[in-house]
Amino acid sequence: MSYRSEEITKYKTIVKCDDCGREREISTTPTPLGFDNRMNGALQNRYSFTQEGGVFKNYCSRCQEIRREAKES
Ligand SMILES: [Zn+2]
């Protein structure tokens, strides 16, 4: 019998809300996700991907709602 073992590294990408910290798993991939896939993954999980003062912010759907209401009142 002959065997060999290999260690497989995987990367789990999780988007985190910049307001409440709620996390959501986007995907697990053999290599870390690039910018576009991270953006698309956030949007697919109903997280925002907006630029604010030169940095990108992710907000979960609940915090987007709260921010929208705060703007309107
Ligand atoms: Zn949130």
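Begin by selecting V15, C17, A42, Y47, Y59 and C60, the six residues of the largest nonpolar core. Such a core is a set of buried Ala, Val, Leu, Ile, Met, Phe, Trp, Tyr and Cys residues joined through C-beta atoms within 7 Å. A residue is buried if 20 or more other C-beta atoms lie within 10 Å of its own, exposed if 12 or fewer, and partly exposed in between, with C-beta atoms placed from the backbone. Residues are numbered from 1 along each chain as its sequence is written. The model is predicted: local features need pLDDT of at least 70, side-chain atom pairs count only at pLDDT 80 or more, and totals for chains, interfaces and linings use all residues.

Next, select A42. Leaving aside residues up to four places away in sequence, A42 touches V15, I26, Y47, F49 and N58; contact requires C-beta atoms, placed from the backbone, within 7 Å.

Now display the whole chain as a cartoon. Two helices and four strands are present, in the order β-β-α-β-β-α along the sequence. The radius of gyration (over C-alpha atoms) is 17 Å, well over the 11 Å that the globule rule (2.2 Å times the number of residues to the power 0.38) gives for 73 residues, so the chain is more spread out than a compact globule. The C-alpha trace spans about 70 × 20 × 15 Å along its principal axes, and 10% of the 73 residues count as buried.

Finally, colour by pLDDT, the predictor's confidence in each residue, from 0 to 100. The chain mean is 95.

How values were computed:
Two residues are in contact if their C-beta atoms, placed from the backbone, lie within 7 Å.
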